[in-house]
Amino acid sequence: MSSKLLVAFAYLTLVVTWVYGVADRGWDLPEAPIWVILVAAQILAGALLRWWALLLPGAVFLLSVPAGYSDAYAGADIPIWFSVMVLGLMALPLIVVGVLAGYFVRPQISRAARGSRSARGTGPPAASRK
Amino acid sequence: MTPVLADFAEYAGFVFLPLVFIGGLAALLLSSTARLAPSDNQSTRLGLPGLAVVLGLATAWLVLYALSADGYYGSSDVSHWEHAGRSVGTFPVVLAVAAASATIIGLVASAVLPGRGRLRFMSALAAALSCLLLLFGWFVLAGGH
């Protein structure tokens, strides 16, 4: 459980930094890598936290409410929390993709780990082999 | 307040907000097992002092954030505390700091004293409530722009 809380903490830190750093204060960062990182974060959160990850966009929405209107983009017509809500709705399918990918990938990883463990030392000792 | 401290108060929020949110969840989870788990159980032994550290750091950050200048007002030196006083009021912030301070004492006592399942349960539950109050206190300081 503690590892899942750590993953949720990492996700929230990343997205809150985006909300208050990039959307609110207008940090001048390259856009494409940021979006790639954010999309990857949704998929990874889904894969690691399974269905619990669907609650995370709601938490981000709650934490983004005080941001109000952007300080950096004075002409912005909509508050940041509204953009976060829309993006959160778009994040939900990505999280589901991550959850489903996790169901496929996790058994293969554990099978590979079991295979490497038995290859390393669980076989019979060399002296007992004929 | 020096500009370095003011910047720290602004940017530390990126870490402290998720920390308080996750700390509250962890406290809720811990409260469900704290009454029954013996005090030498690892999650209880590490969890309660860990929550005390999280609450202490978050409280210190909230006080620092309240004292720092609110960027919304531009060059005028209006702090987040003054901004909260003009809108919702500063009572939620005072309540959050007081609740978190009392909870820290309870958490330390429950970690130090052996047995005391009820104290462990109550302090874990109080930690969850304090996290919620700290988040609300921050809402009051940062919101309303």
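**Briefing: chains A and B**

In chain B of this predicted model, helix α4 (residues 91-112) of chain B has the highest confidence, with a mean pLDDT of 93, while helix α1 (residues 3-34) of chain B has the lowest, with a mean of 87. Across chain B the average pLDDT is 87, and 92% of the residues reach at least 70. For the complex, the predictor reports an ipTM of 0.80 and a pTM of 0.83.

**Contact between the chains**

- The contact between the two chains involves 17 residues of chain A and 17 residues of chain B.
- On the side of chain A that touches chain B, α1 (2-24) and α3 (56-64) of chain A each contribute at least two residues.
- The most comes from α1(A), which gives nine residues to that side of chain A.
- By residue class, the side of chain A that touches chain B has 12 nonpolar residues, four polar and one charged.

**A:I37 in chain A**

- Helix α2 (residues 31-49) of chain A contains A:I37.
- A:I37 counts as exposed because it has 11 C-beta neighbours inside 10 Å, and the cut-off for exposed is 12 or fewer.
- A:V19 is 18 residues from A:I37 in sequence, and their C-alpha atoms are 14 Å apart in space.

How values were computed: Residues are numbered from 1 along each chain as its sequence is written. Chains are lettered from A and ligands numbered from 1 in the order in which they are written. This is a predicted model: local features need pLDDT of at least 70, side-chain atom pairs count only at pLDDT 80 or more; totals for chains, interfaces and linings use all residues. Two residues are in contact if their C-beta atoms, placed from the backbone, lie within 7 Å. Helices (H or I, at least four residues) and strands (E, at least two) are DSSP runs, numbered from the N terminus. Ala, Val, Leu, Ile, Met, Phe, Trp, Tyr, Cys and Pro count as nonpolar, Asp, Glu, Lys and Arg as charged, and the others, Gly among them, as polar. A residue is buried if 20 or more other C-beta atoms lie within 10 Å of its own, exposed if 12 or fewer, and partly exposed in between; C-beta atoms are placed from the backbone. pLDDT is the predictor's confidence in each residue, from 0 to 100.
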